[in-house]
Amino acid sequence: MSGIYWGLTLMDLMGQLHHMNREESLAFIKSCQHECGGISASIGHDPHLLYTFSAVQILTLYDRINVIDMNKVVKYVQSLQKEDDSSAGDIWRETDIRFSFYVVATLALLGKLDAINVVDLVADQILDLMLDRSIAQDS
């Protein structure tokens, strides 16, 4: 999914997006959306926040966000937020600061930033980074 996003973005930057099969890309994205709302890298894979973000970027590029069930995507993204405001990438609950970016960016593209507490999410992540760096510098 992410490779498709980067390829389509490259074609768009070169003014050649019209050479790509838009309907095939949209059908592929739709087929990768799971019942939980998340989107997987490919058919038969588990959904993940990164691929959900990539799919939303592609749909935004084509101005076709209505291809997927946007409400389910929002619920999926919300379900990955942890009590400490960090975000997991998938059902296995691995935490990484990148995932917080994917949450904010995905919801921003969908016009649904009000679905989470962005201030707490961003503030907590910045404080965690500052603490991690100060500990690393003291070592």
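Predicted model: local features only at pLDDT ≥ 70, side-chain atom pairs only at ≥ 80, totals over all residues.
**Overall make-up.** From the N terminus on, the elements run α-α-α-α-α-α. I then checked burial: of the 139 residues in the protein, 39% are buried. For contacts between residues at least 6 apart in sequence, I noted that 58% join residues at least 24 apart.

**Helix H1.** I checked the length of H1, residues 2-13. At 1.5 Å a residue, its twelve residues should span 16 Å, and the end C-alpha atoms are 16 Å apart, so the two values agree. Next I listed the buried residues of H1, which are Ser2, Tyr5, Leu8, Thr9 and Met11. I traced what these buried residues pack against and found helix H2 (22-32) and helix H3 (49-61). Just after H1, I noted a positive phi of about 70° at glycine 15.

**H3 against H5.** I turned to the packing of H3 with helix H5 (residues 97-110). Their axes lie 9 Å apart, at an angle of about 30°. I recorded the crossing of H3 and H5 as left-handed.

I then went through the residues that make this contact. H3 supplies Leu49, Leu50, Phe53, Val56, Gln57 and Thr60. H5 supplies Phe99, Phe101, Tyr102, Val103, Ala105, Thr106, Leu109 and Leu110. Sorted by class, the contact of H3 with H5 holds eleven nonpolar and three polar residues, and no charged ones.

Conventions
Residues numbered from 1 in each chain as written. Heavy atoms only, no water. Helix = DSSP H or I, 4+ residues; strand = E, 2+ residues; numbered from the N terminus. Expected span 1.5 Å × (residues − 1). Buried < 20%, exposed > 50% of the residue type's maximum accessible area, 1.4 Å probe, protein only. Contact = heavy atoms within 4.5 Å. Axes fitted to C-alpha atoms, helices over the stretch in contact; angles between N-to-C directions. Left-handed = near helix turned anticlockwise from the far one by under 90°. Nonpolar A, V, L, I, M, F, W, Y, C, P; charged D, E, K, R; others polar.
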